[in-house]
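Hi everyone, thanks for coming. Please have a look at the picture and keep it open while I talk.

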Amino acid sequence: LLIDDVLHRVRRLLEHKRQVWEIQFLRREVSKHFNFDGMVGRSPVMQELFELTKKVAPTNATVLITGESGVGKEVIARLIHAHSQQKDHVFLPVNCSAIPETLLESQLFGHTKGSFTGAVGSQDGLFQRARGGTIFLDEIGEMPLTLQPKLLRAIEEREVLPVGATTPVKIDIRIIAATNRDLKKEVEEGRFREDLYYRLNVIELHILPLRERREDIPLLVDYLIQRHNRDMKKAYKGVDNATMKQLMSLSWKGNVRELDN
């Protein structure tokens, strides 16, 4: 019995040491494969995405980021901005699906005094407020057809026409858009302008869903635990092998956002 007890203790000690080593290994891997703040991945597709993001960021090219909800499209947009010529200016995210259609044009391009009921004064739109910086148009596939020609003009002519105005206003901004829709299909079905699609899609950065790059899950888990430890002032070490196996087997329909939650 004494020998069995000793053997049991030894096994537990070895298991503990192995888990400590695995956690240290994961942390080294996070440093190695954690190319930018907020994006983790050792999968070939993520490494390729990091490299392409690095190349795109210093240019002024319009970028379209595609992928399912929760994969990290805004994180990639912020990385582009952080490594761009506009990095010292504002990064302004706009969710095109969150603003009522009746207000969207005024919100984006501004309006003049008296241009509609309630317009008690002139107001700059988000395109003007982002002057010198980056505007991130999230859920671009939700933009109404009536507004799409005006966005096309903003991209092509680098100017916007506020509601009620007769003189366009010049803008100096970087435009990044994102969607979880298949914009090619939207174009084919007449819900999205083809000319706008090609103007937005100068460079496409596609982020694969988490279920198609499962090798990134252990790194993400470790990174997220470290981040929440800082925020919550805790010291959780990580997850055990059984838990990790379970995490690796799930479908993650909500992608990294679901994993984070």
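Let's begin with arginine 181, which counts as partly exposed because its relative accessibility is 30%. Before I go on, please remember that this is a predicted model. The side chain of arginine 181 meets that of glutamate 186 in a salt bridge, at 3.0 Å from N to O. Glutamate 186 has a relative accessible area of 7%, so this residue is buried.

If charge pairing is new to you, here is the idea: side chains of opposite charge can pair when their charged atoms come close. How many salt bridges does a search of the whole structure find? The count is 14.

Now find glutamate 159. With arginine 153 it forms a salt bridge whose closest N and O atoms are 2.6 Å apart. Glutamate 159 also meets the side chain of lysine 170 in a salt bridge, this time at 3.3 Å from N to O.

Lysine 170 counts as exposed because its value is 56%. Arginine 153, at 34% relative accessibility, is partly exposed.

Next stop, aspartate 216. You will find it in the loop between strand 7 (203-206) and helix 9. Aspartate 216 counts as buried because its relative accessibility is 0%. What does its side chain reach? The backbone nitrogen of arginine 42, at 2.7 Å. Setting aside neighbours within four places in sequence, aspartate 216 is in contact with Val40, Gly41, Arg42, Ser43 and Met46.

Two packed helices are described by the angle between their axes and the distance between the axes. For helix 9 (residues 217-232) and helix 10 (residues 241-249), the axes come within 10 Å and cross at roughly 115°. The crossing is right-handed. Which residues meet there? From helix 9 come Ile217, Pro218 and Val221, and from helix 10 come Met244, Leu247 and Met248. By class, this contact has six nonpolar residues, no polar ones and no charged ones.

That's my tour, and I'm happy to take questions!

Technical notes:
Residues numbered from 1 in each chain as written. Predicted model: local features only at pLDDT ≥ 70, side-chain atom pairs only at ≥ 80, totals over all residues. Heavy atoms only, no water. Axes fitted to C-alpha atoms, helices over the stretch in contact; angles between N-to-C directions. Helix = DSSP H or I, 4+ residues; strand = E, 2+ residues; numbered from the N terminus. Left-handed = near helix turned anticlockwise from the far one by under 90°. Contact = heavy atoms within 4.5 Å. Nonpolar A, V, L, I, M, F, W, Y, C, P; charged D, E, K, R; others polar. Buried < 20%, exposed > 50% of the residue type's maximum accessible area, 1.4 Å probe, protein only. Polar contact = N/O pair within 3.5 Å; in protein donor to acceptor, adjacent residues only side chain to side chain. Salt bridge = Lys/Arg side-chain N within 4 Å of Asp/Glu carboxyl O.
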